[in-house]
Structures are given as C-alpha cells and as structure tokens.
Amino acid sequence: MPPRALIVDDEAPAREELRYLLEEASGDIDVQVVGEATNGEEALVLMRSLDYDLVFLDIRMPGLSGLEVAEQLRELPKQPKVIFTTAYPDHAVEAFDLAAADYLVKPFDADRLARALERALTAPAPARSEENPKNDDAAASAALRAPDPRDRLVRIPVQRDGRTMLIEGDAIVYAAAARGYSSLKLAEEKVLVSFSLNELERRLHGHFCRVHRSYLVNLRYVRELVPDFRGHLALVMNDRQRSRVEVSRRHARELRRRLGV
Amino acid sequence: MRAQINPHFLFNILNTIASKARTRPDEARELLLRLSEFFRYAVRQEGHLAEFAQEYFFVRTYISLEQARFGDRLQVRYDIDPQVLTSRVPVLTIQPLVENAVKHGIGSKPEGGTVRLRARVDPLTRTTSIRVSDDGVGMDPEVLAKLTAGEGDVGDHADAALTDPSSAAGEHAGVGLRNISERLDSLFGDRYDLSISTPKSGGTVVELKIPLR
C-alpha cells in the first residue's frame, strides 16, 4: 500500500498544488493523499483518529502553527514523518529540532519534493531512536533522544541578518511575550525569536520561572524583589539596565517558593 | 521611498499562481498582471506624498492578491469619501496598515475575518483621516496600554509590538508601525496623529489623521 499523506495548509491553492504534485509529479515514489486540513487543530483531530505515514505541515497558519502541531505529534503512538512547508524558510532550524524529515519552500519544485519524499520515507522511524545508533539524521535523532532534560543543551535559534545565531539559555535575562513571538533580553540587547513564551518555557529548563502571563525570567539574574506602585511584586534584574519585570499575583507564590523568600 | 515586501506574501502568492497556472490559467495570468502592478508601484522612488487615489489602487491590488490566497476568508469593506481621492497622503503608508490588519484579522482566525478601510476629509479642521480596522483577536491589552501610554520599560515588549514582530524574525516583513511613525514625524512633525486601539467589540483599529494637502 502506498504511504498515506495528509496535507495541512490554510491556503487552498497551496493544498491543491501540493496534492497535484504528489499525485502527478512525484517521480517514482507513489504517495496517496488521503486528507487535507486547513489549520493545526483540524490536523491534530485527523491525526489522532487516523494513521498517516507522512504529513505536510505549513508552518504559518492561524491558531496552532505547524511547529506547534509537530510538537504535539510527538505524543501520538505512531508518529507520521513530518515535512514542513513554508514560503520563507525562517523556521528551518526549529523544524529540524522538531525532528522533521525535511522542509520545502514554496513555490514547490517537483524534483525537490521527490527528494524530500525519498528522504522522509527511507529515514529510520522517528520513534525510539536510542535503539538505533546508526541513525544518520543526526539533527533529528539528537532532538528526539533528549535523555535527561537537565543534560540537554538548550540553545534558542535567533535569526539575524540572514544568519542563525544560537543563544544559550544562561545568556537570557528574561523573555517577554510579543504577540505570538517573544523578545529575549540578553545582557546588552534584545532579540526577537519566533517562539511563543509557552514554547520557550517548555524548552528552557532549570532556572527559568514564569512570573507573569507575559514574562519568563531567568532566576539567576534576579537582583531584587520590589513592590511596584500598585503593591504588586516586581523584579529588578541584574543586567546593565537594571530591567524591571512585573510579577503577576497569580505567579507570585511560585516565584517566592523557587527563590526561597 | 520603496515598499518593504514581505517575503511570506511574495512567495505565497507565487505559489498560488503556480497552482492556478494549471487549473485556472486565465486567473493565473490575471494574478501575474496584478503582481506586476503591485511591484511597479512598490518600487517607485520619487516623492514622499501621493494622491490618495493612487495609494487606494495599490491597496486594492494588494488585497486582490491576498484574496487569491485566502479566498472567502478575507473580506474587505471600503468606505471612501470621494473627496479624499485627490488629497495627498504619505506614499506607501496605507498598504502596510492594511497588511497588518490582514495579518491580525485573518492570520489569527481560522474562519477568517473582515478588514475595513475608511477614509474621510474634514474640511473644517483640514484633516484627512484614514482608519484601518480588523475583527481579529485584537491586541494584548497590556501591550496596547504600553503602546498608547508610551511607557515602555517594564519588559519593553511595546518595542516588539511597534516594530513588526515578524521582521525581527528575519523576514524583513511589512513596514512596522514604528517605521511609519518615523516617516510621519519627518513629514508632519507633531501635526499628525496615529492611534491604535482595541475596541470592546474586538479587533484592532489604527487611525491616522494628517493635515489635508
């Protein structure tokens, strides 16, 4: 039976195009398109109820992004291979971190698509990769193995001037939510990353604490706890600017517990 | 002056055209002509002001391309006072506001939404006012409060909201509000008003008031 594929994209012409290429122009590899979803939630509902071998995930969609969908896919008992599709490959690094088989840029090139299929369908199964030391997709297996969260090297990719910089968790003073994105305050500067604060919180282990719906702070950099003018708690950070970060009432107790005050 | 083209917009519309080239070649050809129109205007370099009518045409060209991508999910309503058509407005300013509204109004909601462009001339105060609104999820009230209060130091994510967040993610995306307000500063000094609000009914409203020229 040919591999069964699901196409997830919020733009109808993009789904049509991919379906056409898969059905008519994917070379020797036979793939059967057995479903389409127009957003991440729909895709997850489909994938939880049916087994797919392959899923084409658009990265930018309303609601859940393709990256978020891929993250949730890891909880499925049988994980399909993921090929991300994007108009502009600014999330490629994150895509590989999520153990994607490949990613494709739009407009799609039929030869490139055929190579992606070959790669996805011949790569070792994404599950339990510890038992498979010869896994040649090093990036994918590294992300999957993740033996102990404390040992895991956490670096956050930041796009700047067309290059990808990797920021160490310890270099982050705090992170602030910025409409689906986050801004990271480093010792001297701020950088924007395309992770939501929730995604960052999941990635950054150890000394990070959510102190507010909009802020995640690195506890190593907390210098003082001060009341602000409304009697709420605020943090003064140990960076050059002595940045202040609001603490919401809801998060204050957990923060005090973690700081032991 | 040159528009900053959002690469996501460009490559997605090219993908749309690639798709339609097979199924609906006439429509694909029409889209290529529209995309050419869009670029012809976007790369113009002369002058800081243009007739509203030209900017309006540019907006409609842009919208027709986005509608090819999004289909019925993107609804647009125009409410343009004919008197505005001949007034002169800062070049390449309205389209980025509309693009933001498309992003927030459509990009956040799977079921899509409506973007409204309203333009009026007030002959008494000699003001042109242009309002772009969407019915998307609206802005985070805290971000909005900081934007409008100009108080930005707690966490300073107002920064991130003012500039287009996606541009910092390496996309050189649409001209952020900050970029627009810098241009308005240099053109009009303090004789203009650019405000952003999130009404109770939802969505985001950006209103620009400039001296009538």
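Reader: Over how many bridges do strand E6 (residues 193-197) of chain B and E7(B) pair?

Author: The model is predicted: local features need pLDDT of at least 70, side-chain atom pairs count only at pLDDT 80 or more, and totals for chains, interfaces and linings use all residues. Residues are numbered from 1 along each chain as its sequence is written, chains are lettered from A and ligands numbered from 1 in the order in which they are written, and side-chain values use heavy atoms, leaving out hydrogens and water. Helices (H or I, at least four residues) and strands (E, at least two) are DSSP runs numbered from the N terminus, and two strands pair if DSSP finds at least two bridges between them. E6(B) and E7(B) pair in the antiparallel sense, and the number of bridges is five.

Reader: In the hairpin of E6(B) and E7(B), which residue takes a positive phi?

Author: Within the pairing, Leu194(B) is opposite Leu208(B) in E7(B). Six residues lie between the two strands of the hairpin. The positive phi, near 105°, belongs to Gly202(B).

Reader: What is the bridge partner of Thr128(B) in E7(B)?

Author: Seven of the eight residues of E7(B) (residues 204-211) are buried, where buried means under 20% relative accessible area, exposed over 50% and partly exposed in between, with a 1.4 Å probe and protein chains only. Strand E5 (residues 127-134) of chain B pairs with E7(B) over eight bridges, in the antiparallel sense. Across that pairing, the partner of Thr128(B) is Ile210(B).

Reader: Is H2(B) parallel or oblique to H3(B)?

Author: Axes are lines fitted to C-alpha atoms, for helices over the stretch in contact, and angles run from 0 to 180 degrees between N-to-C directions. The axes of helix H2 (residues 25-42) of chain B and H3(B) come within 9 Å and cross at roughly 140°. Under 35 degrees is roughly parallel, over 145 roughly antiparallel, 65 to 115 roughly perpendicular, and the rest oblique. The relation of H2(B) to H3(B) is therefore oblique.

Reader: Is the crossing of H2(B) and H3(B) left-handed or right-handed?

Author: Residues of H2(B), including Leu31(B), Leu35(B) and Phe38(B), meet residues of H3(B), including Phe58(B), Tyr62(B) and Leu65(B). A crossing is left-handed if the near helix is turned anticlockwise from the far one by less than a right angle, and right-handed if clockwise. The crossing of H2(B) past H3(B) is left-handed.

Reader: Which strands stand at the edges of the five-strand sheet of chain A?

Author: The open sheet has the order E10-E9-E8-E12-E11, with antiparallel pairing. Neighbouring strands in this sheet are turned by 25° against each other on average, direction ignored. Two strands have a single partner strand each, so one side of each has no neighbour in the sheet: E10 (190-193) and E11 (208-212).

Reader: Is Asn218(A) buried or exposed?

Author: Asn218(A) lies in strand E12 (residues 215-218) of chain A. Neighbours within four places in sequence aside, Asn218(A) is in contact (heavy atoms within 4.5 Å) with residues including Gly169(A), Tyr174(A) and Met237(A). Its relative accessibility is 0%, so Asn218(A) counts as buried.

Reader: At about what angle to E15(A) does helix H8 of chain A run?

Author: E13-E14-E15 of chain A is an open sheet of three strands with antiparallel pairing. Its edge strands are E13 (222-227) and E15 (244-247). Helix H8 (residues 249-259) lies across E13, E14 and E15, and runs to E15(A) at about 110°.

Reader: Which residue of E4(A) is the bridge partner of Phe56(A)?

Author: Six of the six residues of strand E4 (residues 81-86) of chain A are buried. Strand E3 (residues 54-58) of chain A pairs with E4(A) in the parallel sense over five bridges. The partner of Phe56(A) is Ile83(A).
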